[in-house]
Amino acid sequence: LPEGMVEVDRQRSVGDRMAGRPGTATAIRLHIGDRTLELVAHRGRLLATVAQDVRGVTISKKEVPVADWVQQLAVYIAALASENSEAREALGRLLGN
């Protein structure tokens, strides 16, 4: 995905800090045009949300099933891959093609 499009939140333990490890990912945010897809690990389960943004301000946010979240991401990546050969190659590697 293009640079600046993905944010990852991490939680670092003392051991992670001392060992120079990045820590455990706790959330991922993908900024896709006027939408933000967010997947958060919370109390042992995943919470998936889709937010509608206008000029950097979130005007609506709703929780969706994880399968729907993944489907929206897949649709975007497929569209990106059709426009960009580099993205198409990365998608092929991801899918094992």
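View 1. Gln52 has Ser60 in E5 as its bridge partner. The model shown is predicted: local features need pLDDT of at least 70 and side-chain atom pairs count only at pLDDT 80 or more, whereas totals for chains, interfaces and linings use all residues. Residues are numbered from 1 along each chain as its sequence is written, and side-chain values use heavy atoms, with hydrogens and water left out. Strands (E, at least two residues) and helices (H or I, at least four) are DSSP runs numbered from the N terminus; two strands pair if DSSP finds at least two bridges between them. Strand E5 covers residues 57–64 and pairs with E4 in the antiparallel sense over seven bridges. Ala51 is placed opposite Lys61 in E5. Two residues separate the strands of this hairpin, and Arg55 in the turn has a positive phi of about 50°. Arg55 is exposed, with a relative accessible area of 82% (exposed means over 50%, buried under 20% and partly exposed in between, with a 1.4 Å probe and protein chains only).

**View 2. The hairpin of strands E3 and E4.** E3 and E4 run antiparallel and are joined by eight bridges. Thr36 stands opposite Ala51 in E4. This hairpin has two residues between its strands. Arg43, in the loop between E3 and E4, has a phi near 55°, a positive value in a residue other than glycine. The relative accessibility of Arg43 is 80%, so Arg43 counts as exposed.

View 3. Asp53 lies in strand E4. Asp53 is buried yet has no salt bridge, and the nearest side chain of opposite charge, Lys61, is 8.6 Å away. Here Lys and Arg count as positive and Asp and Glu as negative, while His and the chain ends are not counted; a salt bridge is a side-chain nitrogen of Lys or Arg within 4 Å of a carboxyl oxygen of Asp or Glu. The side chain of Asp53 makes a polar contact with the side chain of Thr36 at 2.5 Å (a pair of N or O atoms within 3.5 Å; within protein, one must be able to donate a hydrogen and the other to accept it, and residues adjacent in sequence count only if both atoms are side-chain atoms). Not counting residues up to four places away in sequence, Asp53 touches Asp34, Arg35, Thr36 and Thr58, contact meaning heavy atoms within 4.5 Å.

**View 4. Salt bridges around Arg29.** A network of salt bridges links Glu7, Asp9, Arg29, Glu38 and Lys61. The closest N and O atoms are 2.8 Å apart in the pair of Arg29 and Asp9. Asp9 lies in strand E1 and Arg29 in strand E2, so the pair ties together parts that are 20 residues apart in sequence. Between Glu38 and Arg29 the closest N and O atoms are 2.9 Å apart, and both residues are buried. Glu7 also forms a salt bridge with Arg29, with closest N and O atoms 3.6 Å apart.

**View 5. The largest nonpolar core.** This core has 11 residues in all, among them Met5, Leu30, Val50 and Trp69. A nonpolar core is a set of buried Ala, Val, Leu, Ile, Met, Phe, Trp, Tyr and Cys residues joined through side-chain atoms within 4.5 Å. Helix H2 gives the largest share of this core, three residues.
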